[in-house]
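Take a look at the protein below.

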Amino acid sequence: MVTASAPGKVILFGEHAVVYGEPAIAAAINRRIYVSVEKRSDDEISVTSGHALKGGYPYVTAAVELTFEFLGRCCGLDVKVDSEFPPASGLGSSAAVSVATILATASLLGGDVGKKDLARLGHQVERRVQGAASITDSSVTTFGGVLFIKPGLEVVERIDSESLPLVVGYTGVGGSTKEQVEKVRVLRESYPDVVGPIIHTIGRLTLTAKKVLQEGGEIGGLMNINHGLLESLGVGTDLLSKYVYAARDAGAAGAKITGAGGGGCMVAYAPGRQDEVARALSDAGGLAMKVSVEGQGVRVERK
Ligand code: MEV
């Protein structure tokens with residue numbers, strides 16, 4: 001049996017805009033998904049999980065298939081998935097489970113898959129299952145740390161700022177990335193002269209945030225602007241706004257939707273105020289998680 005794990009993520013800047021070629025900044029978080037694989041005597045692929053994965057197990061089965069194709073080998077497998085964070089919550093469970101499945105399967109079969117290939121195959125799994133997906137989630141879960149992502153040019157650059165005090169607030173409502181991406185696409189098509197510049201502005205904001213992070217500055221104000229722009233793209237909800245304002249009222253320097261929106265999670269940047277912000281989010285009815293940046297991406301846990 002081989003067990004591999006991969007971290008979840010928060011997007012600090014640039015979600016949705018990244019689908020249109022603008023940059024994004026995302027951080028791996030210290031909550032992981034664990035995937036164990038074991039050979040079976042027949043050629044079935046059987047998947048079990050301690051929690052319900054988004055839409056069943058399509059990411060796991062697609063990841064196994066792609067790994068078989070990549071290695072030119074296959075076998076029957078028992079796959080077991082465990083997670084330290086809720087699925088379909090905007091914390092990158094799909095990419096994490098995909099990349100961890102690929103590494104566990106390849107390792108079981110004695111195949112050597114480097115990190116670049118793991119990220120590329122993970123992205124292929126996401127595209128195969130959900131249609132459109134940027135390289136953000138698959139890159140962050142593979143490499144870990146805080147990453148600056150520039151799609152199109154396929155630039156993935158590590159930003160040295162791994163001590164960000166973050167609090168995630170989960171609404172308990174599963175957001176569908178596919179639906180939210182589609183919603184923004186329709187809005188952009190309906191009002192190209194209005195929505196195009198908003199998307200471009202999110203990209204500029206992300207570039208500013210990269211500079212601020214590299215200089216060890218304060219990103220809260222920029223996160224608040226990003227939240228407003230995401231609201232204008234229609235991916236906000238009443239609960240997300242409630243938590244965003246609760247976090248700011250409790251002393252967070254910045255708070256915004258993270259990921260696709262339409263439910264899922266918000267993230268607060270709360271230097272010196274993590275406990276107060278977590279309490280405020282719980283009081284507002286959310287599931288609060290104090291998280292920190294995880295430097296390590298996908299890895300083999302046990303062989
Ligand atoms: C989802 O975590 C982030 C989105 O930008 C979609 C993507 O990048 O594929 C909404």
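How far apart do the C-alpha centres of domain 1 and domain 2 lie? They lie 23 Å apart. Keep in mind that this is a predicted model.

**Two domains**

The protein is divided into domain 1, residues 2-162, and domain 2, residues 166-291. The two domains touch. On the domain 1 side, 30 residues take part, and they are in contact with 43 residues of domain 2.

**The nonpolar cores**

The largest nonpolar core has 90 residues. Val10, Phe13, Ile25, Met266 and Val277 have the most contacts inside it. Helix α2, residues 93-108, gives the most to this core, with 9 residues.

Now zoom in on Val10. Leaving out residues up to four places away in sequence, Val10 touches Ala26, Ala27, Ile29, Leu91, Leu166, Val168, Thr258 and Val267. There is also a second, separate core of 7 residues. Ala26, Ile135, Leu147 and Ile149 are among them.

**A pair of helices**

Next come helix α3, residues 115-130, and helix α4, residues 136-143. They pack at an angle of about 145°. Their axes are 8 Å apart. The crossing of α3 past α4 is right-handed.

Which residues meet here? From α3 come Lys115, Lys116, Leu118, Ala119, Gly122, His123 and Glu126. From α4 come Asp137, Ser138, Ser139, Thr142 and Phe143. By type, the residues of this contact are 3 nonpolar, 5 polar and 4 charged.

**Two loop residues**

His16 sits in the loop between β1 (2-13) and β2 (24-39). Its phi is near 70°. That is a positive value in a residue other than glycine. Pro87 is found in another setting, the loop between β4 (77-83) and α2.

Is each of these residues buried or exposed? The table gives the values.

| Residue | Relative accessible area | State |
|---|---|---|
| His16 | 5% | buried |
| Pro87 | 16% | buried |

Why does Pro87 count as buried? Buried means under 20% relative accessible area, and Pro87 counts as buried because its value is 16%. His16, at 5%, is buried too.

Along the chain, Pro87 and Glu276 are 189 residues apart. Their C-alpha atoms are separated by 26 Å.

Conventions
Residues numbered from 1 in each chain as written. Predicted model: local features only at pLDDT ≥ 70, side-chain atom pairs only at ≥ 80, totals over all residues. Heavy atoms only, no water. Core = buried A, V, L, I, M, F, W, Y, C linked by side-chain atoms within 4.5 Å. Buried < 20%, exposed > 50% of the residue type's maximum accessible area, 1.4 Å probe, protein only. Helix = DSSP H or I, 4+ residues; strand = E, 2+ residues; numbered from the N terminus. Contact = heavy atoms within 4.5 Å. Axes fitted to C-alpha atoms, helices over the stretch in contact; angles between N-to-C directions. Left-handed = near helix turned anticlockwise from the far one by under 90°. Nonpolar A, V, L, I, M, F, W, Y, C, P; charged D, E, K, R; others polar. Domains from an automatic or database assignment.
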